[in-house]
Amino acid sequence: MGEELLTAAVLAGAAVVAYVGAAARVVRQYEQGVVLRFGRLRSRVRGPGLTFVVPLVDRMHKVSMQIVTMPVPAQDGITRDNVTVRVDAVIYFRVVAPVDAVIRVEDYRFAVSQIAQTSLRSIIGKSDLDDLLSNREKLNQGLELMIDNPAVEWGVTIDRVEIKDVSLPETMKRSMARQAEADRERRARLINADAELQASKKLSQAAREMSETPSALQLRLLQTVMAVAAEKNSTLVLPIPVELLRFLERSAEAAEHRTAERSPAASEGRRKAEEERQAVEGAGPDGAGSSSAALAGARPGGPEAGRHEPAAAPEDGARAPYADRPRPAAAAPVRGPAPTVPPVRDDDAGTAGCL
């Protein structure tokens, strides 16, 4: 009899241990348990620690309350400016309502992954390439709102969404590289032009200062020679002052002018002018020059110089000298340089009218 009681007690203890083992559940600190009894939701959510359920009657689902990091697979899409890109992202979310995560959606992780992929494709089609490359903060916020709206009903909240990488075609990469190079070249030229403008202003100011003090230019020349001579080279570059170049230029122009005057054409012109002058002087009645007779009668340098005084009129009954000679025909005017007027002496004043 005692053996039977002992055996029954052992069997009962084993059954209790087995029941406790089947009913005991351990919920971790970052988890919560949702219990379904015969498929019906129990109102109380089991917290962290040791808890018991009815074996074969209750079924408990443990839901992690940690932040989940889920990578979004790379999605191919065409941007608003017709550029084919491949974009991948990462999403951070966590469960805030474990009952909704178990009851409202079959697998909340898979659901969040799918909604993230479709939202990423949608945001690619609505954005330009420049926005994808440089304005990612705005795109991340828009993508977070697009995913968070349906996820709220699943008891999930989206903490953050980040676009990881944007892959471009090789042709687009080369085009963007050329564009960046051209932009850098443009900025470099603008900076160089600005530097040249400032340097020209300073040089013009220095030139004005040196023009007021010519010795400053010589000092600057000597400084340049010293700077060149300080280098270990076998060639010395000596700059020529600008004043020396101008002096040589003026000398060359004067030499060309003298050469032009000594040319045969100039000599021929002077010879013709001399012949015309002699022809004008030799047009008198006896072959002698008449310019001296025409211009005689005035003292040189006086106020009456260059005037012609008519000869004294003959008295009544007297004939003028040389009246019986025929008068020569008037010489044709010869155009040419004006003849040189010889000076009239004081003793020639009385014979101005007689030749």
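Me: Buried means under 20% relative accessible area, exposed means over 50%, and partly exposed lies in between. Why does Arg-86 count as partly exposed?

Reply: This is a predicted model, and the values are computed from it. Arg-86 has 40% relative accessibility. Because 40% falls in between, Arg-86 counts as partly exposed.

Me: What makes the contact of Arg-86 and Asp-76 a salt bridge?

Reply: The cut-off is 4 Å from a side-chain nitrogen of Lys or Arg to a carboxyl oxygen of Asp or Glu. The N to O distance here is 2.8 Å. That is within 4 Å, so the pair qualifies. Asp-76, at 47%, is partly exposed as well.

Me: Which parts of the chain does this pair link?

Reply: Arg-86 is in strand 7 (residues 84–95) and Asp-76 in strand 6 (residues 68–78). They are 10 residues apart.

Me: Why is Arg-80 called exposed?

Reply: Its relative accessible area is 53%. Exposed means over 50%, so Arg-80 passes.

Me: Why is Asp-128 called partly exposed?

Reply: Asp-128 has a relative accessible area of 22%. Buried would need a value under 20%, so Asp-128 is partly exposed.

Me: How do you know that Asp-128 and Arg-80 meet in a salt bridge?

Reply: Their N to O distance is 3.1 Å. The limit is 4 Å, so the pair counts. Asp-128 sits in the loop between helix 3 (108–126) and helix 4 (129–134), and Arg-80 in the loop between strand 6 and strand 7, so the pair ties together parts that are 48 residues apart in sequence.

Me: What makes Arg-187 and Asp-183 a salt bridge?

Reply: The distance is 3.4 Å, N to O. That is within 4 Å, so this pair counts too. Both residues lie in helix 6 (residues 170–212), four residues apart, about one turn of the helix. Arg-187, at 36%, is partly exposed, and so is Asp-183, at 29%. Together with Arg-186, they are linked in a network of salt bridges. The whole structure holds 11 salt bridges.

Me: How do you know that strand 2 and strand 5 pair?

Reply: Pairing takes at least two bridges. Strand 2 (residues 31–37) and strand 5 have seven, so they pair, in the antiparallel sense. Val-34 has His-61 in strand 5 as its bridge partner.

Me: What makes strand 3 and strand 5 edge strands?

Reply: The open sheet has three strands in the order 3-2-5. Strand 3 (40–46) and strand 5 (58–64) each pair on one side only. Neighbouring strands of this sheet are turned by 25 degrees against each other on average, direction ignored.

Key:
Residues numbered from 1 in each chain as written. Predicted model: local features only at pLDDT ≥ 70, side-chain atom pairs only at ≥ 80, totals over all residues. Heavy atoms only, no water. Helix = DSSP H or I, 4+ residues; strand = E, 2+ residues; numbered from the N terminus. Axes fitted to C-alpha atoms, helices over the stretch in contact; angles between N-to-C directions. Buried < 20%, exposed > 50% of the residue type's maximum accessible area, 1.4 Å probe, protein only.
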